[in-house]
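Have the viewer open as you read.

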Amino acid sequence: MAKTQVGDSLPEVRFAIFGLGRIGTIHLNNLRNNSRARILYCVEESEEATNFVKKKWRLEETGTSFIKPSQKDKVFQDERVDAVLVCTPTFAHEELVMKSLESGKAVFCEKPLALNYEGIKQCINAAEKYQRPLMCAFNRRFDSGLRSLKERVDSGEIGKLQMVKTCSRDHPKPPVEYLKISGGIFHDCAVHDIDYICWILGEFPVSVSSFAQNNFEDIKAIGDFDTVSIMMKFPSGALAVVDLCRHAVYGYDQRVEVFGSNGMLTNGDERPNELKAHTAKGTTSVPIFGAFSARYRESYQNEMEHFINVVQGIEECGVAGSSILAVSKIASALEESARQGKTVTLDWNTNVPNGF
Ligand SMILES: NC(=O)c1ccc[n+]([C@@H]2O[C@H](COP(=O)([O-])OP(=O)(O)OC[C@H]3O[C@@H](n4cnc5c(N)ncnc54)[C@H](O)[C@@H]3O)[C@@H](O)[C@H]2O)c1
């Protein structure tokens with residue numbers, strides 16, 4: 001991907017951000033540190049979240065307006081706004097994406113783009129109709145370790161691919177208020193693994209199967225799962241296995257292994273630093289990262305750089321609409337498999353994805 005040079009003379013990209021929660025503040029911080037971005041609006045219902053942001057970043061001093069969701073039309077009517085970041089809970093995505101595109105804004109939206117396939121399709125069709133960029137935040141594609149892994153897979157270094165194994169265990173366990181409106185573990189969590197496995201392999205599965213379990217009473221009570229195993233078979237013959245969990249006591253555990261006829265590539269187990277203690281009891285390292293915000297910090301910076309490049313016309317969007325739709329279809333098939341206890345076959349003939 002092209003990197004822009006300091007001193008690029010293209011006009012700055014002027015943003016509105018909806019949602020100042022866990023992920024919204026990460027993106028806000030990255031925009032704040034980006035000389036090519038200016039934040040015109042922050043839209044948030046919660047006084048607490050708004051005050052936290054106001055105090056921490058002192059954005060009002062540089063002309064940012066803080067408004068409530070009920071005043072959101074100001075954003076859509078303001079011709080100065082080039083791009084909208086949608087970082088609200090998932091149920092609010094579709095409406096905000098549609099309104100932003102209809103009013104001519106580029107959109108960066110957190111995953112998933114909408115609560116269901118039809119909603120995602122509407123958003124992608126609108127991006128096409130209004131000819132505006134729409135990027136779904138599959139941030140793992142922008143992680144330097146995973147990018148390098150993909151480049152080496154693509155170079156043929158490990159030969160014909162036979163197996164991909166990923167492990168995604170969350171930490172800390174998300175609050176049940178979040179889980180209730182998350183869309184469920186398949187659409188909220190598994191989508192990241194599904195996306196980057198398909199992206200690495202360059203294909204979509206033809207057959208999927210999943211088991212799911214709830215070990216936490218609060219997660220069981222909302223009809224969701226906290227621990228999931230996934231298997232996928234791809235047209236090339238490659239297989240994939242995903243191990244997902246909402247809570248690992250030892251930290252935010254993210255690992256991947258890609259095995260092929262000429263060897264294996266692995267990535268993961270990253271730690272804040274490489275300090276090791278060697279004593280009579282053995283050798284210990286510092287714990288792995290404690291949350292997504294720290295583990296994927298660099299990927300969030302990279303994806304925002306990329307989105308700004310897309311809005312400025314320097315790069316093509318690196319996350320294709322067809323792959324966003326394909327990921328949603330796969331996640332639904334996996335949920336169906338877990339809930340109904342069967343293997344689900346995926347038919348791509350009527351809707352062939354035409355890119356990643
Ligand atoms: N890519 C990633 O790594 C990643 C990580 C976490 C969350 N997410 C996604 O980001 C989205 C938000 O998750 P979160 O963890 O930041 O949630 P959060 O609950 O921490 O924050 C959401 C914020 O949006 C505000 N909000 C609610 N409705 C709004 C509206 N209509 N307009 C403006 N603000 C509104 C809430 O008050 C809250 O402050 C979800 O869709 C989630 O799937 C992605």
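This is a predicted model: local features need pLDDT of at least 70, side-chain atom pairs count only at pLDDT 80 or more; totals for chains, interfaces and linings use all residues.

Start at Ala212: with 21 other C-beta atoms within 10 Å, it is buried. Here, a residue is buried if 20 or more other C-beta atoms lie within 10 Å of its own, exposed if 12 or fewer, and partly exposed in between, with C-beta atoms placed from the backbone. Ala212 sits in strand E8, which covers residues 207-213. Strands (E, at least two residues) and helices (H or I, at least four) are DSSP runs, numbered from the N terminus. Setting aside neighbours within four places in sequence, Ala212 is in contact with Phe225, Val228 and Ala338; a contact is a pair of residues whose C-beta atoms, placed from the backbone, lie within 7 Å.

Residue numbers run from 1 along each chain as its sequence is written.

Now zoom out. The protein chain has 12 helices and 15 strands. Its radius of gyration is 21 Å, close to the 21 Å that the globule rule gives for 356 residues, so the chain is as compact as a globular protein of that length. That radius is taken over C-alpha atoms, and the rule is 2.2 Å times the number of residues to the power 0.38. Along the principal axes, the C-alpha trace spans about 60 × 55 × 45 Å. Of the 356 residues, 42% count as buried. Among contacts with a separation of 6 or more, 73% come from residues 24 or more positions apart.

Helix H8 is worth a look. It runs over residues 185-201, 17 residues in total, and reaches 23 Å from its first C-alpha to its last, close to the 24 Å expected at 1.5 Å a residue. The expected span is 1.5 Å times one less than the number of residues. There's a kink of about 50° in H8, centred on Val191; the bend at a residue is the angle between axes fitted to the seven residues ending there and the seven starting there. How buried is H8? Just after H8, Gly202 takes a positive phi of about 75°.

Next, helix packing. Two packed helices are described by the angle between their axes and the distance between the axes. Axes are lines fitted to C-alpha atoms, for helices over the stretch in contact, and angles run from 0 to 180 degrees between N-to-C directions. The axes of H4 (residues 93-102) and H5 (residues 117-130) come within 9 Å and cross at roughly 10°, so H4 and H5 are roughly parallel. Angles under 35 degrees count as roughly parallel, over 145 as roughly antiparallel, 65 to 115 as roughly perpendicular and the rest as oblique. On the H4 side, the contact is made by Glu94, Val97, Met98, Leu101 and Glu102, and H5 brings Gly119, Gln122, Cys123, Ala126, Ala127 and Tyr130.

H5 also packs with H12 (residues 321-340): their axes come within 10 Å and cross at roughly 180°, which makes H5 roughly antiparallel to H12. Tyr117, Ile120, Lys121, Ile124 and Ala127 of H5 meet a set in H12 that includes Gly321, Ile324 and Leu325.

Then there are some backbone details to check. Most residues other than glycine have a negative phi, and most peptide bonds are trans. Here are some exceptions:

| Site | Feature | Value |
|---|---|---|
| Lys111 and Pro112 | cis peptide bond | omega about -20° |
| His171 to Pro172 | cis peptide bond | omega near -10° |
| Gln131 | positive phi | phi near 55° |
| Asp269 | positive phi | phi near 65° |

Pro112 lies in the loop between strand E5 (106-109) and H5, while Pro172 lies in the loop between strand E7 (161-169) and helix H7 (176-180). Gln131 is in the loop between H5 and strand E6 (134-136), and counts as exposed with 8 C-beta neighbours inside 10 Å. Asp269, in the loop between strands E12 (263-268) and E13 (276-279), has 13 such neighbours and counts as partly exposed.

Finally, Tyr250 lies in the loop between strands E10 (239-245) and E11 (253-260). With 10 C-beta neighbours inside 10 Å, Tyr250 is exposed. Its C-alpha is separated by 7.9 Å from that of His171, 79 residues away along the chain. Not counting residues up to four places away in sequence, Tyr250 touches Pro287 and Ile288.

How values were computed:
Two residues are in contact if their C-beta atoms, placed from the backbone, lie within 7 Å.
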